[in-house]
Amino acid sequence: MAPTAEYPVLLAALERDIAAADFASAVDRLAELAAMNNGAWGFGEPSVRDTLRLLPGPPRRQLLAVLLERARTAPGGALGAHLFELARWVVHGLSLPNEADVLEMLLDVAGEQWTDYDPDLPGQAWSLLELGRPLPAGFVAMMRRTVAGAYYGHRGLAPVLAKLTDLPLLNPGEAWADRVMADVSALGGPWHELVAHAGTATATKINKTFEKRGRELLHTADTDKAATMLASWLELVGRPRTWLVVRPRYGGDVNEAYDPVNVTTLRGLIWLTGLLTPRPDTARLLGAVAETSLRKVAGIGPRSPKIANTAVHALARIDSDEALAQLARLAARLTYKSTLKEVNTALDVRAAALGLTRAEVEEMAVPAYGLTSVGRRVDDFGGVRAETTVGAAGVQTSWVNAAGRAVKSAPATVRGDHAEGLRELKAAVKDIEKMLTAQAERLDRQFLAQRSWTYPAWRARHLDHPLLGTLARRLIWLVGDRACAWGGTGLTTLDGSPAAVEPDAEVRLWHPIGRPVEEVLAWRERLERDQVVQPFKQAHREVYVLTAAEENTGTYSNRYAAHVLRQHQFHALAAARGWRNRLRLMVDDEYPPATRDLPEWGVRAEYWVEGIGDDYGDDTTESGSYLRIVTDQVRFYATGAREHTAHAGGGGYRHGRQHPPADGLPLTDIPPLVFSEVMRDVDLFVGIASVGNDPTWQDGGPGGRFQDYWNSYSFGGLSGTAQTRRDLLTRIVPRLAIAERATIEDRFLVVRGDLRTYRIHLGSGNILMSPNDQYLCIVPNQSATADTGRVFLPFDGDRVLAVILSKAMLLARDSAITDPTITRQIRTI
């Protein structure tokens, strides 16, 4: 490794920062040097170590503190590990009064990690104990994690850990664990024993021994007080760590994970919560714990399926409408297989006990959340009125004070005299938001489920339900054979006249496939005219029919083949749409295709995808999973037919390693609705996860390997979703404030600014500028809703459409843009 020209410049800057005692700036320089030398601190003449070697004690301590802080907060990967290794070297050079101080500092620094495998640590720990010093708290926590997880090096640390007799109940660093230990210390009495008992919850499900002793301890502690205390602890589960550790160079973000030492006790606390008489917030808390425990952590996966399953088991034991509602919500939202299986089992058991179908239970489980009419709840707080409304704009609460004046937020009298009621209202609003999302997704799945209702049941469970009515009244329904929608005071037909309904009519969701084109267009026009925002695409839903090419291939479709997708985004989308998929690792292994099972129709859909790339690091995450996949055919097979597999890195699908793939079912035999909905899913995967959507990839990504694909996708033909987008924009653009500057031309929304003319592709959202089709890179803010200038959109969920409109609004006034990353491109020809 030869020094670069920048090396002596950075080293000189480091020396100046140290001389000025500007250690924050010095660590900035060290971070730059780490990127240059890959953490080889002895590299160069002189090296970084040579520069720091003579640094005296007090400044060395200051540098060490800043190094460790930066190592803890470094954004993943190698930098934090490199800075930590330098910190370890720095502490060895500290001038300390005696050997015990040296050992204590060494172990204190070692405790900054999640786990450690330095072979010197056990000996250093024994030496410090023999000198009569306690081990640092962080080091003890690190040892416990290392031993609990049986990580490399745990055998040497286990005897040291076994020697300690006064270990804390929990490892510090998690918000809920810190609160537990603080409360137990303050309360004393039976609380220590109660939490210690929770730490014995090692079985998969609660057993009689645990339950009996748990009930005794809860009674001793006072069950009402215990319920309050347990709820306050569980509310903090999943909150950011209070004590960050240094991330390992390889692996996931351990600061987002659950401490393995604390997981058993957390399971026990959930069990104990389930033994108490349920409170109004019990089910909500357990549902939240299940959901946050399945939050994906990069390089690790779900935080703790074990805790998620425990929360579901506790919910299943509670015989209340609130618990049933949480199970129904989780069934619609969760994608992690083992936990979803537990939820489904709990719902099936409840359905059987009630003598209802599973679908009926899920519908009847949706609570009203205090709404007294469709989409409206009113709370009185001593003369102050809070009105909560639910609709297309979301969940909103408005306030009117005791004098009858509208105010922006809850008055001080409500916050002081009605704190509990206010807390319940805020919790209900959060629950409503979550439930609305879950129920919209459930309803969207009813197209393929072919769900139908009798008119009275549908009216009670959907149209007039205080919460579900806010969704049902924005959708189109087939009542008998007539298409109807809510008209403000009742059901109306397409022309707005009152719908005549037979009492025993069957009700189904309306789908555009098989309906006359004139009817579909008329419904779109009515929704747009009345400014009805549908919770998902229905009237504007894409319809996919067999093409001539697919009729020729017979048993497979190549319509969405040869695309390059971001694997992790594809994986998340597939799970959300009900597909089975496995993340592909760069290993010698076989993987099945992405699969959607449709037992109601007796078929299984497969989307054949394979990992792409052969450079570990550039083409994979640190944990080895492919960053990108390449797509191939869509096929259909009978339910139960043998699945195919392909090698992780490609080579084609086959039966086993020897046999070619079996022919799929003829595409002409697939019901049009099934074919259309499956292809719509696949279009969604490509439309969202394609690398062609990334505006920063105009150079073709790593090594320029995807240049041709990026160009062809970014500005090529439109998919079904993009064609729907174009049709809608054709009607929306004339109503925009920039209408005189914007037109639809083929695949583009063309916008005339003051400085240039821009063509925004309707599929990718990428932009070409005149003259010479120069590329303009504008990266949308992924964490914020695109600013569309309050433009009405008749459905939720198309972020690309919102981004296109946002870019159009911006570029129509290009002379007013101040962002230098954009103006630099616009003004350079």
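The side chains of glutamate 363 and arginine 461 meet in a salt bridge, at 3.3 Å from N to O. The model examined here is predicted. This pair connects distant parts of the chain. Glutamate 363 sits in helix H19 (residues 358-364), and arginine 461 sits in helix H23 (residues 455-463). The two residues are 98 residues apart. Burial means a relative accessible area under 20%. Glutamate 363 is buried because its relative accessible area is 1%. Arginine 461, at 17% relative accessibility, also counts as buried.

A second salt bridge joins aspartate 798 to arginine 725. Their closest N and O atoms are 3.1 Å apart. Aspartate 798 lies in the loop between strand S23 (774-776) and helix H31 (799-811), while arginine 725 belongs to helix H30 (residues 720-732), so the pair ties together parts that are 73 residues apart in sequence. Both aspartate 798 and arginine 725 are buried.

Arginine 133 pairs with glutamate 104, with 3.6 Å between the closest N and O atoms. Arginine 133 is in the loop between helix H7 (121-130) and helix H8 (137-148). Glutamate 104 is in helix H6 (residues 99-110), and the two are 29 residues apart. Arginine 133 is partly exposed, with a relative accessible area of 24%. Glutamate 104 is partly exposed too, at 30% relative accessibility.

In total, 60 salt bridges were counted. Some of them form a network, which links Asp444, Arg541, Arg577, Arg596, Glu677 and Asp681. In general, side chains of opposite charge can pair when their charged atoms come close.

Positive charge also gathers on the surface. Arg179, Arg239, Arg415, Lys426, Lys430 and Lys434 form a positive patch there. Helix H21 (residues 419-444) contributes the most to this patch, with 3 residues. Arginine 179 comes from helix H10 (residues 175-187). Arginine 179 is partly exposed, with a relative accessible area of 36%.

Helix H16 (residues 305-317) is set inside the structure. Of its 13 residues, 10 are buried, so H16 is largely enclosed by the rest of the structure. The buried residues include Pro305, Ile307, Asn309, His313 and Leu315. The span of H16 from first C-alpha to last is 18 Å, close to the 18 Å expected at 1.5 Å a residue.

Alanine 78 is located in helix H5 (residues 78-92). Alanine 78 is partly exposed, with a relative accessible area of 26%. Its C-alpha atom is separated by 23 Å from that of leucine 583, which is 505 residues away along the chain.

A cis peptide bond joins glutamate 45 and proline 46, with omega at about -5°. Proline 46 is in the loop between helix H2 (23-37) and helix H3 (48-53). Another cis peptide bond runs from serine 770 to proline 771, with omega near -5°. Proline 771 is in the loop between strand S22 (767-769) and S23.

Aspartate 773 lies in the loop between S22 and S23. Aspartate 773 has a positive phi of about 50°, although it is not a glycine. Its relative accessible area is 42%, which makes aspartate 773 partly exposed. Aspartate 222 has a positive phi of about 85° and is not a glycine either. Aspartate 222 lies in the loop between helix H12 (208-221) and helix H13 (223-234). At a relative accessible area of 40%, aspartate 222 is partly exposed.

Key
Residues numbered from 1 in each chain as written. Predicted model: local features only at pLDDT ≥ 70, side-chain atom pairs only at ≥ 80, totals over all residues. Heavy atoms only, no water. Patch = residues over 30% accessible without salt bridge, like charges linked within 9 Å, V, L, I, M, F, W, Y side chains within 5 Å. Areas by Shrake-Rupley, 256 points an atom, 1.4 Å probe, with all protein chains shown as cover. Salt bridge = Lys/Arg side-chain N within 4 Å of Asp/Glu carboxyl O. Lys, Arg positive; Asp, Glu negative; His and termini not counted. Charge placed at Lys NZ, Arg CZ, Asp CG, Glu CD. Helix = DSSP H or I, 4+ residues; strand = E, 2+ residues; numbered from the N terminus. Buried < 20%, exposed > 50% of the residue type's maximum accessible area, 1.4 Å probe, protein only. Expected span 1.5 Å × (residues − 1).
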